[in-house]
Amino acid sequence: MSTSPLDQSISLTELLDVEGFREVCKSFSELYGIGIKVFDIEANKIADVRASTGDHCGYLFTVHPTQVACTNLVNKIRTIALTADSEPLAIDCFSGLRYKILPLVYEGSLLGRFIFGPYAPVELKAPPAQLEQYRPQLDLDTLAGYLKEIPRATEKTADKVIEHVTQILQVIIHGSYRIQMTSKVHIASIQGAFDELEVNSRKLKHANDKLQELDRLKSNFIATVSHELRTPLTSVIGYSEMLLEGMAGELTPEQQEYVTTILEKGENLLSLIGQVLDLSRIESGNVLIQKQDIDPRMVVNTALSDVLPQANKRRIEIVIEVDDAVTNIVVDADKLRRIISNLLANAVKFSSPNSQVKVCLDVDDVRPTDRARFDIFEPERNRNLRLRVIDQGVGIPEEKLERVFDAFYQVDNSSTREFGGTGLGLSIVRNFVQAHEGRVEVTSKANEGSTFTVYLPYDVRGSDNGTSAEVFSQQP
Ligand code: ADP
């Protein structure tokens, strides 16, 4: 976890506009004729404005023994221990000049130090006697000449000037500190929100990984269980058919009725298992689309044979209308059969006895004038095979239309519902249609009937010879 910006200490260089601060120091120095130096807490120089002491100090620095003494003094001034509440310290140079050192404090914290000087105390009229020891290298007369150029100040005046200057510099620091703190508070609040987001996003990712793993396990489980159920079920259906055909001897009418029920229920169960398997394949992205050039009329007829027994039983008439413009299309014939038989099975299931179900096949050519639908980038996509399955059944309430394509969704999901089913058929239809880059729509009126419309593009991309195979992954 990162530390809050509010907890991080701030240096003077970060705090101040250093150039501007130096300019202010310079104008004070020129005004009072006293040098000003400012160091931060780590003894880094922030400002260094020298006044008219240059010749005096420069001369002392050129003479070997005093040069050493100068260096020692400068180090002492820079590093002498200070606390936030230290009083101004007066440090006298061996040459008689004086420095004043003050702590630079903000809100009780020591940020650095101000150094004023050197200036000549009023009582210093000539170089002090102790400098005699540096003769003959040091010429005291020359030094006395330089000393005259140095501003002279009584302690009272020096203290007043220092107080004035420090007050102004403190005001500048205070202003900068406030700006800095405001932006720090701002950054801290953003960082707080960011840290929280990061934690939440990590938690979400973890949960998502777990869900994905569970989903994978679930799909594997469904695929294995469905597969294992199919084998014995095929035997149940096969033996029931053999019994009905009299291969094990003549059945009494009652036995025939029972075996027919076994066969019917077995077939229902087999189709249910088939749907579950389809969905688990779709979810795991293992749907293989094998396209071939086929006559859609043939596929409609095969699908019709899947639902005819149910339709006959309920005396529902199925009418097929095919427009002359319908030509061959390159699609996966098996998937198209399943699309049509799922829609037809629903139409039969949700229709009342003695009603009619219509299957219409025609070509939907989108005209360039239909701007909303016309695809100018892939014009070949404007020609679609349109398949409509129209029934006069119970219909679907308007507000439920959106959801009927969701897996496991059923308009009537009560335990006493009239119609059987899993809620998987339309989800599979939609996925197979999307695998052909087509779309499926529904319009319906409660108690009047529903129309399911599938559009499949007559687009043969990726198959020059009319056949191709590709794996379709489900869109999220
Ligand atoms: P199932 O038919 O197994 O319940 P589907 O996914 O095929 O599952 O359909 C989902 C739901 O959509 C159905 O339960 C039903 O409520 C509604 N539905 C589908 N087709 C029709 C239809 N032709 N008429 C009325 N309702 C329909």
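Modeller: Start with Thr166, which counts as buried because its relative accessible area is 9%, and buried means under 20%, exposed over 50% and partly exposed in between, using a 1.4 Å probe and protein chains only. This is a predicted model, in which local features need pLDDT of at least 70 and side-chain atom pairs count only at pLDDT 80 or more, while totals for chains, interfaces and linings use all residues. Residues are numbered from 1 along each chain as its sequence is written, and side-chain values use heavy atoms, with hydrogens and water left out.

Thr166 sits in helix α6. Helices here are DSSP runs of H or I with at least four residues, strands are runs of E with at least two, and both are numbered from the N terminus. A polar side-chain atom of Thr166 lies 2.6 Å from the backbone oxygen of Ile162. Beyond its neighbours within four places in sequence, Thr166 is in contact (heavy atoms within 4.5 Å) with Leu102, Phe114 and Phe116.

Helix α7 covers residues 253-283, which is 31 residues. At 1.5 Å a residue it should span 45 Å, and its end C-alpha atoms are 45 Å apart, so the two agree. The expected span is 1.5 Å times one less than the number of residues. Just after α7, Gly285 takes a positive phi of about 70°.

Helix α9 gives the most, with three. In total, 20 residues surround the ligand (a heavy atom within 4 Å). The closest are Asn346, Asp391, Gln410, Thr422 and Leu426. By class, the shell has 10 nonpolar, eight polar and two charged residues.

Now the atoms. A polar side-chain atom of Asn346 lies 2.8 Å from an oxygen atom of the ligand. A polar backbone atom of Leu426 is also 2.8 Å from a ligand oxygen. For Gly425, a backbone N or O atom lies 3.3 Å from an oxygen atom of the ligand. The protein covers 96% of the 530 Å² of accessible area that the ligand has on its own.

Notes. A polar contact is a pair of N or O atoms within 3.5 Å; within protein, one must be able to donate a hydrogen and the other to accept it, and residues adjacent in sequence count only if both atoms are side-chain atoms. Accessible areas come from the Shrake-Rupley method with a 1.4 Å probe; for residues, only the protein chains shown count as cover. Ala, Val, Leu, Ile, Met, Phe, Trp, Tyr, Cys and Pro count as nonpolar, Asp, Glu, Lys and Arg as charged, and the others, Gly among them, as polar.
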